[in-house]
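Biologist: I am new to this structure and would like to learn how to read it. Could you take me through some features one by one?

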Amino acid sequence: MARMSGAKALIEALKREKVKVIFGIPGGAILPVYDALYADSDIKHILMRHEQCAAHAADGYARASGQIGVCMSTSGPGATNLVTGIANAYMDSSPIVAITGQVPRPLIGKDAFQETDIIGITTPITKCNFQIRSAAEIPKTVKMAFYIASTGRRGPVLIDLPRDVQTEEAEIYFDDKIEFRGYKPVYDPHPLQIERAVELLIQAEKPVIVAGGGVIASNACQELVALAELLLAPVATTLMGKGVIPENHPLSVGMLGMHGTVAANYLVQDADVLLAVGMRFSDRSTGNIKTFCPNGKIIHIDIDSAEIGKNIKPHVPIAADAKRSLQAIYSRLTEKFNRRERSAWLSRVQEFKKMHEDLIKADNGDGVKPPALMAEMRKILPNNAIIATEVGQNQMWAALYLRTYKPRTFISSGGLGTMGFGFPAALGAKVACPDAPVVDVAGDGSFLMTEQDLATSIAWNIPVIVVILNNSVLGMVAQWQRLFYGRRYSAVELKGIPDFVKLAEAYGAEGVRAQSIEEFRSALKKALNSDVTTVIDVPISPEENVFPMVPPGQDLKNLMLS
């Protein structure tokens, strides 16, 4: 026990949680904390240029490292600017802790300057949030926040800290024990449900595994690949699950869903047993729910019991940790299962995979073609390179055609679909993994939403590479207008503004324009050896579409291939 201010107690509590970096922007209501941070060399603070980017950077840090990302802002507009980033982390189950300043306790609820009810605003988009009412509460609250964010289904937690609590002095007690009534995640699967799952898998003739982000969160990728190899079952992934299995593995069939691969969509629809692990059957993954996997028995493993049966009712529900569940299934299968010959099923896997690969070669028109660009990027980048994406066509081209070989090396906004996410997330990932190349695959529309944090990348020496697929339109919106709205292009034209090469140079970054695959190859190789951020502007046709695509409301086999 020691006497100290609330601000100093917060910094000490964060250090005890092994926090090494905070992404944030100061303001009046959080200044005592920043003053305490000034005197402490153990925690690095990275000054962002927008609070939304601070939250995204913490998110990218968390996804790349597997640790908790931390962001901080002042009250009022600083806190509300975090909201999009917090919601993004919530939808994708990413563990971050957001700390916000608040007006002094006597002014709460009185519409004071820069006051917002950030607790009320963020209640639907956090696992839990806290408003600290005394300095003595700080250590326990911080410990609970980190525990909640990192356990069970991971997600964001917010701590709101009134300014007078930060300056208040009290006897502060730091306790390593944690007690939180009503929150006890279940990790071990029920043995009976494991037996039921094993029986279905033994009987399966056409098994398919669908893996989501929960497999990565549980560090269960090795177990999943081992099970797939035992069963000779193809593995499809959700967008969040990309990287669960190396995408050059014979059993990897790519992403499932609206922009899923031919193999993933067709095989899931034909499966007689579907093992879904750490995924939530979102609308982008299932297409028409009524016709999803029509003849298959579904086993659903998820740490969050609320997800089981929410969208698709499984035949065998397993509310438990992915790693422990897969270990239990594998152990029982090795005792009871005789590997069977699946040449016909595996032949279909290879047939469908070839159809997808042929799409890269099919379009030989003028200009740079995004699928070919993604394939070229993969040839140049090392296997440990981290790919972040913006949202839209660029995201789907990367998901479909840029192979991922390791978990935590593909970072994208899934559930919320947040334009502007990729660049600040790339900065966070680079801070977490400074020895790995980090590339943000961007569209011009998305990159413009957070490009101001080029200043952060230069000021803090965080060198990343931004590849802009520049079609001068809001690409995915334009694609929908082209395909489903009779080419009536409403409010999507960006008119080629700005010049991204000059924009990059204005911030002190390197800018280059690549108008062919050869120029891109040269630019990317040079960027990999650069010690500053490089923006590579790649003009593409505004008429480019992302295929395959399932039209809205259709089932997964109704793929548009061109």
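**Salt bridges, bonds and pockets**

Modeller: Let us begin with a pair of side chains: Asp499 and Arg513 form a salt bridge, with their closest N and O atoms 2.9 Å apart. The two partners come from distant parts of the chain, since Asp499 sits in the loop between H21 and H22 and Arg513 in strand E19 (residues 510–513), 14 residues apart. Before we go on, note that this is a predicted model, in which local features need pLDDT of at least 70, side-chain atom pairs count only at pLDDT 80 or more, and totals for chains, interfaces and linings use all residues. Residues are numbered from 1 along each chain as its sequence is written, and side-chain values use heavy atoms, with hydrogens and water left out.

Biologist: What counts as a salt bridge, and what are the H and E labels?

Modeller: A salt bridge is a side-chain nitrogen of Lys or Arg within 4 Å of a carboxyl oxygen of Asp or Glu. The labels mark DSSP runs numbered from the N terminus: helices (H or I, at least four residues) and strands (E, at least two).

Biologist: Are Asp499 and Arg513 buried or exposed, or in between?

Modeller: The general idea is a scale of relative accessible area: buried means under 20%, exposed over 50%, and partly exposed in between (1.4 Å probe, protein chains only). Asp499 is partly exposed because its value is 30%, and Arg513 is partly exposed too, at 33%.

Biologist: How many salt bridges does a search of the whole structure find?

Modeller: The search finds 30. One of them joins the side chains of Glu169 and Arg3, at 3.9 Å from N to O. That pair also links distant parts of the chain: Glu169 is in strand E8 (residues 169–172) and Arg3 in strand E1 (residues 2–5), 166 residues apart. Arg3 counts as exposed because its relative accessibility is 52%. Another bridge is between Glu493 and Lys495, at 3.6 Å from N to O. Glu493 is exposed, at 52% relative accessibility, and Lys495 is exposed as well, at 63%.

Biologist: Which residues are linked in a network of salt bridges?

Modeller: Glu12, Lys15, Arg16, Asp40 and Asp42 are linked in this way.

Biologist: Let us turn to the backbone. Where is the cis peptide bond that ends at Pro498, and what is its omega?

Modeller: The bond runs from Ile497 to Pro498, and its omega is near 5°. Pro498 belongs to the loop between helix H21 (475–484) and helix H22 (500–507). A cis bond also joins Phe547 to Pro548, with omega about 5°. You will find Pro548 in the segment after strand E20 (534–539).

Biologist: Which residues other than glycine have a positive phi?

Modeller: Asn219 is one of them, with phi of about 55°. Its place is in the loop between helix H10 (213–217) and helix H11 (221–231). Arg487 also has a positive phi, near 60°. Arg487 lies in the loop between H21 and H22 and is partly exposed, with a relative accessible area of 43%.

Biologist: How should I read a pocket?

Modeller: On a 1 Å grid over the protein atoms alone, a pocket is an open set of points with protein on both sides within 12 Å along at least five of seven lines, whereas a cavity is a set where a 1.4 Å probe fits but cannot get out; lining residues have an atom within 4 Å of a point. In this structure, the second largest pocket is lined by 22 residues, and Tyr90, Lys127, Arg153, Asp304 and Ser305 lie nearest its centre.

Biologist: Where does Tyr90 lie, and is Tyr90 buried, exposed or partly exposed?

Modeller: Tyr90 is in helix H5 (residues 83–91). Tyr90 counts as partly exposed because its relative accessibility is 34%.

Biologist: One more, please: where is Gly212, and is Gly212 buried or exposed?

Modeller: Gly212 is in the loop between strand E9 (207–211) and H10. Gly212 counts as buried because its relative accessibility is 0%. The C-alpha atoms of Gly212 and Gly414 are separated by 11 Å, with the two residues 202 apart along the chain.
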